[in-house]
Amino acid sequence: MGWNYSKPPDNSRMYQSLSASEAAANQEDLIMWPPTVIIHNTITGKGKEGRMEGLGIKAMDNIVRELGFPGGKSKSLYGRDGLLGITLIKFAANESGLREAMKLAEHFEKENHGRKGWARLHPVTLGKDDESNPNLVRVDGRTGDKRRIFYGYLGIVADLDKLDFDTRKKVTIESREDHLSS
């Protein structure tokens with residue numbers, strides 16, 4: 001969206017155009033409401049029926065709580081082949097919920113596991129070798145246990161296509177700045 005949605009058109013029927021950098025900032029401001037963090041790489045493998053399986057809601061709730069974000073509620077997204085490898089973490093539809101969601105997104109970004117980290121990995125890494133890919137799975141040197149590496153970011157308007165139909169119906173798009181300034 002390359003126009004300034006915050007100013008209605010004056011005498012014309014067109015919105016004011018924005019530069020590429022302003023348009024990107026504009027898009028980053030339009031977030032999903034209630035605040036939602038999208039987490040990728042939650043697949044654990046194929047089940048007996050050949051459908052993809054992954055971390056369940058309780059497991060993801062525990063992981064998010066261990067990270068220090070008790071206000072989030074998990075929802076796994078499924079397709080016809082099973083789990084899509086995406087979990088949504090929804091927070092309260094208020095300023096404190098937004099701040100908590102932003103902190104969780106910042107947590108991933110600090111480890112280079114945010115939106116850009118996932119975009120760098122996503123096109124080339126998903127396939128049969130997921131379990132041996134050091135960008136997707138971390139192996140404990142002492143025990144040999146494997147843990148998925150999660151990639152997460154705050155959901156914005158451009159992420160609506162990643163959501164399932166039911167969630168898309170329930171979410172609205174609002175300005176992050178409007179909620180933080182009120």
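Guide: What follows covers aromatic rings, nonpolar cores, one threonine and the salt bridges, all in a predicted model.

Visitor: Start with the rings. How many aromatic pairs does a search of the whole structure find?

Guide: The search turns up one aromatic pair. The partners are Trp 118 and Tyr 151, in a tilted arrangement with 5.4 Å centre to centre and 50° between the planes.

Visitor: Why tilted?

Guide: Stacked needs planes under 30 degrees apart and edge-to-face needs over 60, so an angle of 50° counts as tilted.

Visitor: Where do Trp 118 and Tyr 151 sit in the chain?

Guide: Trp 118 belongs to helix H4 (residues 115-125) and Tyr 151 to strand S9 (residues 151-154). They are 33 residues apart, and the pair links distant parts of the chain.

Visitor: Is Trp 118 buried or exposed? And Tyr 151, buried or exposed?

Guide: Trp 118 is buried, at 7% relative accessible area. Tyr 151 is buried as well, at 3%.

Visitor: Next, the nonpolar core. Which residues of the largest one touch the most other members?

Guide: That core has 20 residues, and the ones touching the most other members are Val 37, Ile 39, Ile 89, Phe 91, Leu 104, Phe 150 and Leu 154. Strand S1 (30-33), S2, helix H2 (57-66) and helix H3 (95-110) each contribute at least two residues.

Visitor: Which element gives the most to this core?

Guide: H3, with six residues. There is also a second, separate core of eight residues, including Ile 86, Leu 88, Leu 163 and Val 171.

Visitor: Back to Phe 150. What does Phe 150 touch, not counting residues up to four places away in sequence?

Guide: With those left out, Phe 150 contacts Ile 39, His 40, Asn 41, Thr 42, Leu 55, Met 60, Ile 63, Phe 108 and His 113.

Visitor: I also noticed Thr 36. Where does Thr 36 lie?

Guide: Thr 36 is in strand S2 (residues 36-40). Thr 36 counts as buried, at 3% relative accessibility.

Visitor: What does the side chain of Thr 36 reach?

Guide: The backbone oxygen of Pro 34, at 2.8 Å. Not counting residues up to four places away in sequence, Thr 36 touches Leu 88, Ile 89, Lys 90, Tyr 153, Leu 154 and Gly 155.

Visitor: On to charges. How many salt bridges does the count come to?

Guide: Six. One of them joins the side chains of Lys 75 and Asp 166, at 3.8 Å from N to O. Lys 75 is in strand S5 (residues 73-79) and Asp 166 in helix H5 (residues 165-170), so this bridge ties together parts 91 residues apart in sequence.

Visitor: Which residue does Asp 159 meet in a salt bridge?

Guide: Asp 159 meets Arg 115, at 2.9 Å from N to O. Asp 159 is in the loop between S9 and H5 and Arg 115 is in helix H4, 44 residues apart. Asp 159 is buried, with a relative accessible area of 1%, whereas Arg 115 counts as partly exposed at 24%.

How values were computed:
Residues are numbered from 1 along each chain as its sequence is written. This is a predicted model: local features need pLDDT of at least 70, side-chain atom pairs count only at pLDDT 80 or more; totals for chains, interfaces and linings use all residues. Side-chain values use heavy atoms; hydrogens and water are left out. Rings of Phe, Tyr and Trp (its six-membered ring) pair if their centres lie within 6.5 Å; planes under 30 degrees apart count as stacked, over 60 as edge-to-face and the rest as tilted. Helices (H or I, at least four residues) and strands (E, at least two) are DSSP runs, numbered from the N terminus. Buried means under 20% relative accessible area, exposed over 50%, partly exposed in between (1.4 Å probe, protein chains only). A polar contact is a pair of N or O atoms within 3.5 Å; within protein, one must be able to donate a hydrogen and the other to accept it, and residues adjacent in sequence count only if both atoms are side-chain atoms. Contact means heavy atoms within 4.5 Å. A nonpolar core is a set of buried Ala, Val, Leu, Ile, Met, Phe, Trp, Tyr and Cys residues joined through side-chain atoms within 4.5 Å. A salt bridge is a side-chain nitrogen of Lys or Arg within 4 Å of a carboxyl oxygen of Asp or Glu.
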